[in-house]
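The following note sets out points for a colleague who is examining the coordinates.

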Amino acid sequence: MISSNTLPTTPTLTTRLPAVGTTVFTRMSQLAAQAGAVNLGQGFPDFGCERSLLTAVNDAMQADFNQYPMMSGAPVLRQAIVAKIAALYGHHYHVDSEITVTAGATQALTTAIFCCVHPGDEVIVIEPVYDSYVPAITLAGGVPVAVEMEVGAAGYTVPWAKVAAAVNSRTRLIIINTPHNPTSTVLRAADLQALADIVRGTDVLILSDEVYEHMVYDGHQHESVSRYPELAARAFVVSSFGKTYHVTGWKIGYVAAPAALMAEFRKVHQYNVFSVNTPMQHGIASYMADPAPYLELPGFYQRKRDLFRDGLKNSRFELLPADGTYFQCVRYDKISSQTEAEFAEWLTTDIKVAAIPVSAFYQQGKESGIVRFCFAKRDETLALALERLGKV
């Protein structure tokens, strides 16, 4: 019999992720809200999507597309994805066996890692690295192996010789991200060729995070892994409707992969999410009939990038190249000797503009004197932020 005087206790739980706490994006967004700062930290737009997309989703709801879809995704959406990839990158994925709709890109990335990484397998990540990769590798029992990007006056570059040196018999997966968050680096054809040279003749797989595929500027094209048959044959390619259509809260993405890889992906997918919001899938499929929204996206965001860069060009911030994504990295060594986290907090509380320290994207918190701003904001939001930053 349990004593009425005994207080209930919660059993001790040994954490699976001892190095993980609240993400820097959550912390900085909370601090921005508390300080009344312009939030250029977390990567989401402060403007809405096109009304016709909402109409398409509402029409799907009214048409009673409200029950479970197929586990792999609504066929009409998978067909639209196949057609888009073929038109843009020349690769023809099979609609039934090689495309899966996911609950956002993070779920796609995590599922891809879970389906192919076994305990003890090594996974090469390129630092600075998006924050979801390493925890997923750890949960899978894998070993993250970091290769740091090099940064100079011309921005960040991937040292492919060091990536090659990190590959060994235990390497299961290389994760790449282009356009790259947080550095805004865009991999070029020479980079993809270097990657192909590294994996040729091995069993190493590739996980290519391409959520910013439609945000490549200055007339350049996105070099999707799907463009390169040698790479596509061993790759999971991930993208995001949330990023492309300004609906990050919808959490809908997709993964494309060869049938043998996709079969393993779906084994995990069916038990960690099973399926994804049905009316939104049908609404997005209808909306994709017009390619203009994603074809015009580079111009839309390049204008915002140029507006933001022009507003900072006479400031004490040093602008690094921003060839893709909707992020701008800056050096601040002419302003402060604070650590990146300290400087980002000071910007947020004193200058009233929130930023993200790039050190948060390194496992060991490397200090480079660089912070990241997000320019996916209304022009008036950017103008207010620039007015404040210009006084620093």
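1. Overall content. The coordinates belong to a predicted model. The boundaries 38–389 come from UniProt, where an unreviewed entry places the feature "domain: Aminotransferase class I/classII large" at these residues.

2. Nonpolar cores. The largest nonpolar core has 59 residues, and Phe236, Phe317 and Phe373 touch the most other members. Helix H4 (residues 105–116) supplies the largest share of this core, 7 residues. Apart from this core lies another, of 58 residues, whose members include Ala166, Ala196, Ile284 and Ile370. In soluble globular proteins, nonpolar side chains tend to be buried together.

3. Surroundings of Phe236. Which residues does phenylalanine 236 touch, not counting residues up to four places away in sequence? They are Ala112, Cys115, Cys116, Leu205, Ile206, Leu207, Ser208, Val255, Ala256, Ala257, Leu261 and Phe265.

4. Helix H1. Helix H1 (residues 24–35) has 12 residues and reaches 16 Å from its first C-alpha to its last, close to the 16 Å expected at 1.5 Å a residue. Its buried residues are Val24, Phe25, Met28, Ser29, Leu31, Ala32 and Ala35. Seen down the axis of H1, these fall within an arc of 160°, so they line one face of the helix. Ala33 and Gln34, on the other side of H1, are exposed. The buried residues of H1 pack against strand S1 (38–39), helix H14 (340–351), strand S13 (353–354), S14 and S15. Just after H1, glycine 36 adopts a positive phi of about 70°.

5. Helix H13. Helix H13 (residues 297–312) has 16 residues and spans 23 Å from first to last C-alpha, close to the 22 Å expected at 1.5 Å a residue. Leu297, Tyr301, Lys304, Arg305, Phe308 and Leu312 are buried in H13. They cover an arc of only 100° around the axis, which puts them on the same side of H13. An α-helix has 3.6 residues a turn, so residues three or four places apart point the same way. The packing partners of the buried residues of H13 are helix H9 (241–244), helix H12 (292–295), strand S11 (318–319), strand S12 (327–331), strand S15 (370–374) and helix H15 (379–389).

6. S12 is joined to S15 by 5 bridges; cysteine 329 stands opposite arginine 372 in S15, and arginine 331 stands opposite isoleucine 370 in S15. S14 is joined to S15 by 2 bridges, and proline 357 stands opposite valine 371 in S15.

7. Strand S7 and its partners. Of the 7 residues of S7, 6 are buried, so S7 is largely enclosed by the rest of the structure. Strand S3 (residues 122–127) runs parallel to S7 and is joined to it by 4 bridges; in S7, threonine 171 is the bridge partner of glutamate 122. S7 and S8 also run parallel, joined by 5 bridges, and asparagine 177 stands opposite aspartate 209 in S8.

8. Helix H7. In helix H7 (residues 189–199), the buried residues are Asp191, Leu192, Ala194, Leu195, Ala196, Ile198 and Val199. Elements covering them include helix H6 (160–166), strand S7 (171–177), strand S8 (205–209) and helix H8 (229–232). Just after H7, glycine 201 takes a positive phi of about 80°.

9. Serine 275. Serine 275 is located in the loop between helix H10 (259–272) and helix H11 (278–287). Serine 275 has a relative accessible area of 14% and is buried. Leaving aside neighbours within four places in sequence, serine 275 is in contact with Tyr68, Pro69, Met70 and Met71.

Key. Residues are numbered from 1 along each chain as its sequence is written. Side-chain values use heavy atoms; hydrogens and water are left out. UniProt positions are given in the numbering used here, feature names are shortened, and annotations may be inferred rather than shown by experiment. A nonpolar core is a set of buried Ala, Val, Leu, Ile, Met, Phe, Trp, Tyr and Cys residues joined through side-chain atoms within 4.5 Å. Buried means under 20% relative accessible area, exposed over 50%, partly exposed in between (1.4 Å probe, protein chains only). Contact means heavy atoms within 4.5 Å. The expected span of a helix is 1.5 Å times one less than its number of residues. The arc is that of the directions from the helix axis to the C-beta atoms. Two strands pair if DSSP finds at least two bridges between them.
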